[in-house]
Amino acid sequence: QVQLVESGGGSVQAGGSLRLSCVASGTIFRITVMGWYRQAPGKERELVADITRGVITNYADSVKDRFIVSSDNAKNTVYLQMNSLKPEDTAVYYCHADGVVAVASAREYWGQGTQVTVSS
């Protein structure tokens, strides 16, 4: 079974920084895309940023120039460095992995989510 475990969420004042980490565990041969989604109360889940094959990054317009996504493919880990945080960044952040080739048969996985709260 493949599991994604996030860490690094918490509370911070506007303008502050947080770093999220997500480790994929299990017998994994390859992960094509790892990234982060978020869901604020009353809103739909949205893509924040992802990274393909450890090289190609993609960001939501709302976080460009503030957030940085990176990965360590050898450790099946993805990071999200969040800088200049704003109250509107408050949400539950979910780790996502797609294109997973593993002993388990599913291709796509989600983490359990980690809360990020930004106060003004």
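Trp36, Leu80, Met82 and Tyr93 touch the most other members of the largest nonpolar core, a set of 34 residues. The model is a predicted one: local features need pLDDT of at least 70, side-chain atom pairs count only at pLDDT 80 or more, and totals for chains, interfaces and linings use all residues. Residues are numbered from 1 along each chain as its sequence is written, and side-chain values use heavy atoms, with hydrogens and water left out.

Q: What makes a set of residues a nonpolar core?
A: The members are buried Ala, Val, Leu, Ile, Met, Phe, Trp, Tyr and Cys residues, joined through side-chain atoms within 4.5 Å.

Q: What does the Cys22 and Cys95 pair tie together?
A: Cys22 is in strand S3 and Cys95 in strand S9, so the pair links parts 73 residues apart in sequence.

Q: Is Cys22 buried or exposed?
A: Its relative accessible area is 0%, and buried means under 20% (exposed is over 50%, partly exposed in between; 1.4 Å probe, protein chains only). So Cys22 is buried.

Q: Why is the pair of Tyr37 and Trp110 called edge-to-face?
A: The ring centres are 5.0 Å apart and the planes sit at 65 degrees, so edge-to-face it is. Rings of Phe, Tyr and Trp (its six-membered ring) pair with centres within 6.5 Å; planes under 30 degrees apart count as stacked, over 60 as edge-to-face, and the rest as tilted.

Q: What makes Trp110 partly exposed?
A: Trp110 has a relative accessible area of 35%, so it gets that label.

Q: How do you know that the charged end of Arg45 sits over the ring of Tyr94?
A: The charged end is 3.7 Å from the ring centre. The rule asks for NZ of Lys or CZ of Arg within 6 Å of the centre and within 35 degrees of the ring normal.

Definitions and conventions. Helices (H or I, at least four residues) and strands (E, at least two) are DSSP runs, numbered from the N terminus.
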